[in-house]
Each structure stands twice: as structure tokens, then as C-alpha cells.
Amino acid sequence: MSGRDLFCQPRRARHGAALTLVFASVLVAGAATGSFPGTDRKSTADAARSAAPAGRHEEVARAAAEAMADGKSPVKAAERAVSRSGDRWGAVYSSGEYEELEEALDGQYTGVGLSARRERDGRIEVTGVHSGSPAADAGIREGDRLRSVDGERVDGRPVTEVVAILRGDAEEDPAGTPVRLGLERGTREWTETVRRARLSTEPVTVRTLADGVTVVRVASFTKGVGRQVSEAVERVPSGAGVVLDLRGNSGGLVAEAVTAASAFLDGGLVATYDVDGDQRALHAEPGGDTARPLVALVDGGTMSAAELLTGALQDRGRAVVVGSRTFGKGSVQMPSRLPGGSVAELTVGHYRTPSGRGVDGTGITPDLDVDPEDPAALERARTVLSGLGR
């Protein structure tokens, strides 16, 4: 499994037993439908309060209020209430943590600029260094081993937990605070102290291969990503194939995934979902490119809004899906403000693909099963594309 120090939860490894990355728990129904302000999740949380499941919201809010009255932590009390409810994806965030989520969805984050993955032997390997980041300035390279963070050994720990430590807490570890990294390169071991900085994400990258195939890699669905995907597709020569690489995409804003779907569909259904039993639908905009060959490349890290997009392209017969079964996060959360300023995101429903398939807990099964970690996975996708072209 891999991760970047954007896509993680804050230092306190909570929210679903450290299972989720930032975007895994940020499938906001309001942002998807446009019924709440899409540019400010703080106002979304306030506006959504009356729309959240009344019974569960009241229970969580009551727990927070009672804890405040007793001089205890309202956040921890709310977390316990969510845990008791059995809501797998329910989460409670302090105001500072929720601010981190808002910044992440805007494509901004505080960190050191490392991407990492855990190897089979448990060691943490640097898989990428953000250009111009503190990590890049310190000379850290792809392939280096990360052995410790602030003196804590990280071997064997979940990569989400490691990158959470790298980021720190928004209130306790803002931009400018130091973090000490223990590193290894070959036989060399050394310690490097860097300072966290405000960084911008690069969620969409585009490259053209020698045979003319264009690979559009989407790391997450932050604001503006749908338009970036559309613009990237518009620049591809007519008839040339596209590989839409969604491996490791942990989701994000549903509205952006729908916009991305619109690049390949001429209108029509993208997904349906329910909010407390009220059935709703998401539709693509007309005018997308429905002719060019398209392959979607996915893996077990393809989650949430990325699964919604994959399911739509597969069900509509628009793309061949290659890779391994996706994660299976198909629930809809809605945020609400709690006493004391914290925010609870509670599950209010689930989405389905155009054919009516549920995704939560099952994921999307690819048309062609390929090990996505295999370097040849992209070659298999290109082979499929060549067949589609003929």
C-alpha cells in the first residue's frame, strides 16, 4: 500500500481505526449535488446539520454537549458515540482537523512533500518527492528508505500512519515546525531535519507514450480535477487511446468525479444514491468524447469517488476496466457541526452504479484481472487499447 503525506488523517490515528485516508471519508453528498456551498466545507457542515440522520446526529451531539458540561473532551465523547453506532465510515474531527480536510480538498496541504509505500518486508520506501518541497530541498530521493520520524521507528507500521506523523496536527504542527527524518540509502544512514511547508497537490498528470497512447493519472478528486481531466482528454489527438490511471486514487469530491465522467460520456446516468431513503441521481453533462478507446486502470487503493467513476464507465460500456478489485467504499457521508466546534461526518446512504450495483464492501471487479503492482500492468492496458482501436 502506498500514500502521500497529503492523503492521510491527522496525527491522532483515529477515525475508523486508522483505516481511512483523508479522502476515503470525504464523500460529501452536498458537494455532489450542489445543494450545499461547494467552496466551503465549514459552511457545508453547518448547513447539513438538519439533513444528517436525526437520531444519530442528536445522539452524537448530546454526547459532545454532556462531555463539555463535565469539563471533558467533546471530540472523544462524540467519537465514542459514533463508534457505538456501528457507522463504519462515521468520523469526528476537531475544528483543526476539519480545516485540514478543507485545505486538502482545495489541493493544499501542510507536509514535507514525500510519497511512500510499505514494502513486503515492512520497510517504508520513498516513492516520490514533491518538486520544491522541503524533502526535495534536503536531497531526499525516490528509493530512499524512511526508517524513523521524530525518533519513532516506522518499519512495519501502516503507511497511512507514517504519513500522518509526517504531516502532524494542523494546530500543533503547522507550517514551519520541524520534523526529524531517519533515512537510509544503500549502506548510508543519516538523519535529516526538515520543516513542514504549505504545498500544492498535483492530482492530475498526463504523459504520452511512444505509441501515442496518453496516460491520464488522477491521484484524487480535489477541486478542479474534473475540469483538468476534461482538458487533458481534449488535447489528445482524435482517435488516440487513453489510459485513465486511477490506481491509488482514494476519492474526494463526487462532483469532480462526475465532471471527469462527462469527459467520456454524452450525458446520461453516472450513479444513483440515497440520503436517508430519498433516492437521487447524478448525471454526466452531454458532449463528452464517446469514440476514443478508453481503459481504466484500478487497484485495491481505488476508492470512493474513483470507484463511482469506474463503475459508471464500466456499466455504460465506455471503458474496459483493467487491474484488481477496487476497495469497496460506496457510502455517502454528510457533515454536521457539533457543540464545541468539532464536526461529525455520519453515513446517510450508499451509491450504486448505473446498472444498480452496490459498491460498499464489494468494490468494482475489473474486466481483466491484472496485478496492478506488476510493471507490465500498463503494458496490458495498452494491449487492450490496441484491440479496442481495431
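**View 1. Lys223 and Asp106 are joined through their side chains in a salt bridge, with N and O 3.0 Å apart.** A salt bridge is a side-chain nitrogen of Lys or Arg within 4 Å of a carboxyl oxygen of Asp or Glu. Lys223 lies in the loop between strand E12 (214-218) and helix H8 (225-235) and Asp106 in the loop between H5 and strand E3 (108-111), so the contact ties together parts that are 117 residues apart in sequence. Helices (H or I, at least four residues) and strands (E, at least two) are DSSP runs, numbered from the N terminus. The model is predicted: local features need pLDDT of at least 70, side-chain atom pairs count only at pLDDT 80 or more, and totals for chains, interfaces and linings use all residues. Residues are numbered from 1 along each chain as its sequence is written, and side-chain values use heavy atoms, with hydrogens and water left out. Lys223 is partly exposed at 23% relative accessibility, as is Asp106 at 42%. Here buried means under 20% relative accessible area, exposed over 50%, and partly exposed in between (1.4 Å probe, protein chains only).

**View 2. Asp245 and Arg217 form a salt bridge, their closest N and O atoms being 3.0 Å apart.** The pair links distant parts of the chain, with Asp245 in strand E13 (residues 242-245) and Arg217 in strand E12, 28 residues apart. Asp245 is buried, with a relative accessible area of 4%, whereas Arg217 is partly exposed at 33%.

**View 3. Asp315 and Arg357 meet in a salt bridge whose closest N and O atoms are 2.6 Å apart.** Asp315 belongs to helix H10, and Arg357 to the loop between strand E19 (343-352) and E20; the two residues are 42 residues apart and link distant parts of the chain. Asp315 is partly exposed at 27% relative accessible area, and Arg357 is partly exposed at 29%. The structure holds 17 salt bridges.

**View 4. Helix H5 (residues 95-105) is mostly covered, with eight of its 11 residues buried.** Among the buried residues of H5 are Gly96, Glu97, Tyr98 and Leu101. Just after H5, Gly107 takes a positive phi of about 85 degrees. Tyr93 and Tyr98 form a tilted aromatic pair, 6.1 Å centre to centre with 50 degrees between the planes. Tyr93 is buried at 2% relative accessibility, and Tyr98 is buried at 1%.

**View 5. Asp150 and Ser304 have positive phi angles although neither is a glycine.** Asp150 has a phi of about 50 degrees and lies in the loop between strand E6 (145-149) and strand E7 (152-153). This residue, Asp150, is partly exposed at 30% relative accessibility. Ser304 has a phi of about 55 degrees and is found in the loop between strand E16 (294-298) and helix H10 (305-315). Ser304 is buried, with a relative accessible area of 0%.

**View 6. Val82 lies in helix H4 (residues 74-85).** Val82 is buried, with a relative accessible area of 4%. The C-alpha atoms of Val82 and Ala344 are separated by 8.5 Å, although the two residues are 262 residues apart along the chain.

How values were computed. Rings of Phe, Tyr and Trp (its six-membered ring) pair if their centres lie within 6.5 Å; planes under 30 degrees apart count as stacked, over 60 as edge-to-face and the rest as tilted.
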